[in-house]
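Open the model in your viewer and keep the selection tool ready.

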Amino acid sequence: MAGVVFEDVTKEYPNGFKAVKNLDLDIRDGEFLVMVGPSGCGKSTTLRMIAGLEEVSAGKIKIGDRVVNDVHPKDRDIAMVFQNYALYPHMTVADNIGFALKLAKRPKTEIRDRVLDAAKLLDLTEQLDKKPAQLSGGQRQRVAMGRAIVRTPQVFLLDEPLSNLDAKLRVQMRAEITHLQRKVGVTTFYVTHDQIEAMTMADRVAVINFGVLQQVAPPQELFDRPDNIFVAAFIGSPSMNLLEGTLIDEDGSISVRLSPSASIGASEKMFAGRDVLKSYVGKQVVVGLRPKDLKDAALSTQFPQSQRFRGEIFNVEALGYERMVYVALDATRVVPDEVLVADGDVLTSDEGTIVTARFDSKSSVKIGQTAEVAVDMDNAHFFDPSTGLAIRD
Amino acid sequence: MSPATRLWLVRAAWIGSTIATGAAVVWSAGFITDPEANRGLVVIAAIALGVVGVALLFKGMDFLVDRLPARYQEAVRPWVFVGPAVFILGIYLVYPAINTTVLSFKGRNSQEWVGLQNFTDIFTDHDSLISLRNSLLWVIIVPLFAVGIGLAFATLADKLGRRAEATAKSIIFMPMAISMVGAAIVWLFVYSFRPPGFGSQIGVLNGLWTGLGNNPVAWLLQEPWNNLYLMIILIWLETGFAMVILSAAIKAVPEEIIEAARIDGANDWQIFWRVTFPTIASTVVVVATTIVITVWKVFDIVFVMTGGNFGTSVVAQRMVTEFFTFRNAGHGAAFAVILFVAVIPVMAINVRQFRIQEERR
């Protein structure tokens, strides 16, 4: 087994389009790294460069200690799972799984044993004599996985392997793939546009956009400490509320003014780990508030009056274990141009911006009411509006 | 205007226009059979008559179907449209096929029954056996090379740039647009031969041959190789067809499968034979069988180039010769039956493969 290292890798197409720009990334040996980003961000190109299906325009890719820029795909000792599985339609499941071994001229008995082992691992023993057309989507997915693991490669490459499955099967396969990867321990590079897949499966997540790597971190850190506005907006569902604000100091008490009529007081812990935020007093900032940090003030009474605002309830989605509440707030939303978050459609109403809040299921707010919302400013995020970078030490 | 008056007017218009159209049809039918009439006008009248006639036929039959009891209407209606085609095919295809089969058991003037004598004649006559042998060679060699070369072109063209691929394919496909007689005449000039002293060699092949310092060769007299020279013409014609269809099939093979094979460790040769070819195999069969059928029926090329002389006759050409040169309807019909029987299994394979292909889509 081996890790994969990108050293200043750039992919430029003949028409001048740069799909990947100066990528430095270190996938550790045995690690499950998920690269996530909106469509067209360069993540699939990155994967295809490891596979050898795309040439590297500049920089170096290493698998283990070997620079593989000019190595043929078959000599890279990698296995890949494609979005549409790419099973050979004329071969049986067994032949599909064993094809690589057959090409490598392994003895017949060895091929049979290894195919059988892989099939057992993936619960495919009953399907070995069937053709791909006779299998369900989930089974095809597993055959594609089988084809990859039977080779015991140095690196697994998975290109949006779950995007063709229905929602229920996707959740199931997510767990199966994660489990399988931990079991075989092969370095895995997984590409997806689905941040939930990234968060649930990865050891570390690499967020990429416009061919530029935004941040690489374990899932929780990515969620808690996004490096920039893009990562903040992209990771988390529903996505973070990003609002324009100004830090103001009124007689020693600092607050975030969102508009002439709305401001939220700072909390003590807000400056923990970011003393530099104090230097922004009097300046514009972008405030990021996770929906989980907007609470029903009627239930969360510990928050002082200064950290509350009142707004009309635009919509309530009761999910059983919680309530997704859309509240009007007199503020201006910040939408990074490049954020294409499917579930983050921008809602506005006459009363101002609609922010998303996750209330406890005990909350009794109703559509059309004006409710009081408490803001947990301890967990608020702050970004510099000119650079988009997180403000912290 | 009262509703009753309007109804009468509509009826009158209907009847009037029907009579007028009928009269026009009758008149034009007379006009186009008049040998004195202007040829150009006859063509126009014939086209108009055909189009209007067919329209009237369908309209009239549809009208009649509407008058049927409701429960029969929908069962009968499809036959209004399918019926004429079936009827015409019956007259021009099924009836002649049956009649030919009957004739093959009769004598040269179709008078008396001779049993299997015609077939016995064919399978014992030296010249007839040569034409059977030649046809078998044609059926093996032409499809093999046309499909083989077509497949090679299709595969290699796929690796060219878009422009170059389109250009190369158009050039290879172009012979398809030439009729067999036209092609044969083109190739007459390729193989053209003049004995020394009868002018310079205008044939391409002899031009090259003598240019290399050799004596001119009468290519079409070189038994048995002259058969091969004739086959080359049909291969030249059919390769384009094979290439276009196979190229489409190759392009339909998903790119991901090829990439998967590359990652699995296959080289270009292995990718072609183990992944691409099996995926397009059913198309290859359809193309090959279609060409086989064309080859069985080949007549024009042989007729134009050698007239079936010098050991180059084939079944279809032999059939025409028996019918029209030797005036032996029995032998001619027997050749036709042999041809018919030879094509049936190929046709069956073709239809079956086509169905399999359709199911995969």
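Which residue in β10(A) is the bridge partner of V205(A)? Select A217(A): that is the partner. The model is predicted, so local features need pLDDT of at least 70 and side-chain atom pairs count only at pLDDT 80 or more, while totals for chains, interfaces and linings use all residues. Residues are numbered from 1 along each chain as its sequence is written, with chains lettered from A and ligands numbered from 1 in the order in which they are written.

Show β9(A), residues 204–209, with β10(A): the two run antiparallel, joined by five bridges. Strands (E, at least two residues) and helices (H or I, at least four) are DSSP runs, numbered from the N terminus. Two strands pair if DSSP finds at least two bridges between them.

Now widen to the open sheet in chain A. Its six strands follow the order β6-β7-β8-β3-β9-β10, with mixed pairing. β6 (78–81) and β10 (212–217) of chain A are the edges, each pairing on one side only. From one strand to the next, the twist averages 20°.

Angles run from 0 to 180 degrees between N-to-C directions, with axes fitted to C-alpha atoms, for helices over the stretch in contact; contact means C-beta atoms, placed from the backbone, within 7 Å.

Next, select β1(A) (4–12) and β2(A) (18–27). Six bridges pair them in the antiparallel sense. V5(A) has D26(A) as its bridge partner. The hairpin has five residues between its strands, and G16(A) in the turn has a positive phi of about 95°.

Last stop: R327(B), which follows α13(B) and has a positive phi, near 55°.
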